[in-house]
Amino acid sequence: MVTEDWALVLATTAADEILPSLSAAIHDKVPHRWAAALVAGQISVTPAADDGDRPSADELAALAALAVPGHPWHKPVAVGGTTRPALVAATAGPWAPGSLLVLADATDPVDTEHAYPAVQCGWELAAALLSRSGPSSTTAAERFFAGEHAKQLLIARNTHAVTLQALLAALRSRRLDDAQARQAAADIASTALTTLRTASAAQECTAERAFTLLTEQLRPLVLHTDVALETVPPVAADRLLPTLVGEAATAVARGCVLAMLEHTRPRRIRVAWQVTDDRLVLEVRDDGDCAPFPRHQGEYRMRERLAPLGGDFSMDTVPGWGTTLTARIPLVLPPSTDVELLRELSPREREVMVEIARGRTNPQIAEHLHVSEHTVKFHVRQILSKLGVRTRGEAAALGRAARL
């Protein structure tokens, strides 16, 4: 039965042997023909059952709807294509919530007071190990939402940073009197508001247009300083850039210039773009004192910003020459999460996902797919778990983005 020694052995067992080990450990107290596990939407059976005897996703969904976490029970159930006695246990712990164990053709133990807690304890441990052994089921969603969130946050943060830096430069300038400083600050704020209100929603723009917009955003940063800004536009001016690439290059360039102005005391900053057949190369160089950037503006942070696009970033400092920051961004974006999402979901879950993306309720989905509401609820829970989202609205947005 389940002992401390067995638990130690199980914790060091290969993933594909966890369920067989659990089945063998509890077989003396609860004899059964085969055991089925449902963890994170994945079904495993030991010993391997024939197709006609293998439990279906719908059967396990119905059992999951009836199971009481932490309280195993034994009675005849429809599983494996027929009605048979089975012991059903569902996890109650925080490590693998909703995981289900079914012991088919099981004998109801006489000593349930000891047998049921032992089965539950063994299943909690096995389910936790199984949930950690496979590939993460939230990878696609995490990339999608993290990328989208990082993009929007980056755009907003850098837009505000540019405006505030320009305002401070105008108000602190020794070249302007009070009236001129106020007028300059008002012009900068007016320009920023106009930019926000007229931001283009186009999906693509040329490299020339993107670089021109970048230059317009950088000029106010040095307008009332002693720093000379040199901009070198790309030669392939008419090359179309994906929106995400243009936005990332612009944001990183702004961030680099801001960091240099704040920390390296430059006299000159040079910003250049080069567009090749497969990537955009951004270089920002100054002649400052090579002072290190703070952690939130350093190299690791720039890499983090470019990671969703498959880009990379490097920083080179040479005393007496200055700091050179280089970013390389592929023009062909990484594979869409569309395919990854489809691979994460089972065929039935994809069908339910399509209905969720269309805004249908559980009863409507059940009627359309000719299944019970309990089955739909089970699949919805599995979908939310696999995609790493908390609400149907987030799942629907992800489904529409994946063009399901």
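**Exercise 1. Find which residues of α11 meet which residues of α13, and work out how the two helices cross.**

Step 1. Start with the residues that touch. On the α11 side you'll find Arg348, Glu349, Val352, Met353 and Ile356, and they meet His379, Val380, Gln382, Ile383, Lys386 and Leu387 of α13. Contact here means heavy atoms within 4.5 Å. Helices (H or I, at least four residues) and strands (E, at least two) are DSSP runs, numbered from the N terminus.

Step 2. Sort those residues by class. The contact of α11 with α13 has six nonpolar, two polar and three charged residues. For the sorting, Ala, Val, Leu, Ile, Met, Phe, Trp, Tyr, Cys and Pro count as nonpolar, Asp, Glu, Lys and Arg as charged, and the others, Gly among them, as polar.

Step 3. Look at the axes. Those of α11 and α13 come within 10 Å and cross at roughly 90°. Axes are lines fitted to C-alpha atoms, for helices over the stretch in contact, and angles run from 0 to 180 degrees between N-to-C directions.

Step 4. Name the arrangement. α11 and α13 are therefore roughly perpendicular to each other; angles under 35 degrees count as roughly parallel, over 145 as roughly antiparallel, 65 to 115 as roughly perpendicular and the rest as oblique.

A word on what you're looking at: this is a predicted model, where local features need pLDDT of at least 70, side-chain atom pairs count only at pLDDT 80 or more, and totals for chains, interfaces and linings use all residues. Residues are numbered from 1 along each chain as its sequence is written, and side-chain values use heavy atoms, with hydrogens and water left out.

**Exercise 2. Is Glu355 buried or exposed, and which residues does Glu355 touch?**

Step 1. Go to helix α11 (residues 347–357), where Glu355 has its place.

Step 2. Glu355 counts as buried, at 3% relative accessibility.

Step 3. Skip residues up to four places away in sequence, and Glu355 touches Arg360, Ile365 and His368.

**Exercise 3. Describe the aromatic pair of the structure.**

Step 1. There's one aromatic pair to find. The partners are Phe211 and Trp273, edge-to-face, at 5.2 Å centre to centre with 70° between the planes. Rings of Phe, Tyr and Trp (its six-membered ring) pair if their centres lie within 6.5 Å; planes under 30 degrees apart count as stacked, over 60 as edge-to-face and the rest as tilted.

Step 2. Phe211 is in helix α7 (residues 207–222) and Trp273 in strand β9 (residues 268–275), so the pair ties together parts that are 62 residues apart in sequence.

Step 3. Check burial on both sides: Phe211 is buried at 4% relative accessibility, and Trp273 is buried at 3%.

Step 4. Stay in α7 and pick out Leu214, which is buried at 0% relative accessibility. Beyond its neighbours within four places in sequence, Leu214 is in contact with Thr250, Ala253, Arg254, Val271 and Trp273.

**Exercise 4. Where is Thr91, and is Thr91 buried or exposed?**

Step 1. Thr91 is in the loop between β4 (82–90) and β5 (100–104).

Step 2. With a relative accessible area of 3%, Thr91 is buried.

Step 3. Leaving aside neighbours within four places in sequence, the contacts of Thr91 include Pro69, Gly70, Trp123 and Glu124.

Conventions
Buried means under 20% relative accessible area, exposed over 50%, partly exposed in between (1.4 Å probe, protein chains only).
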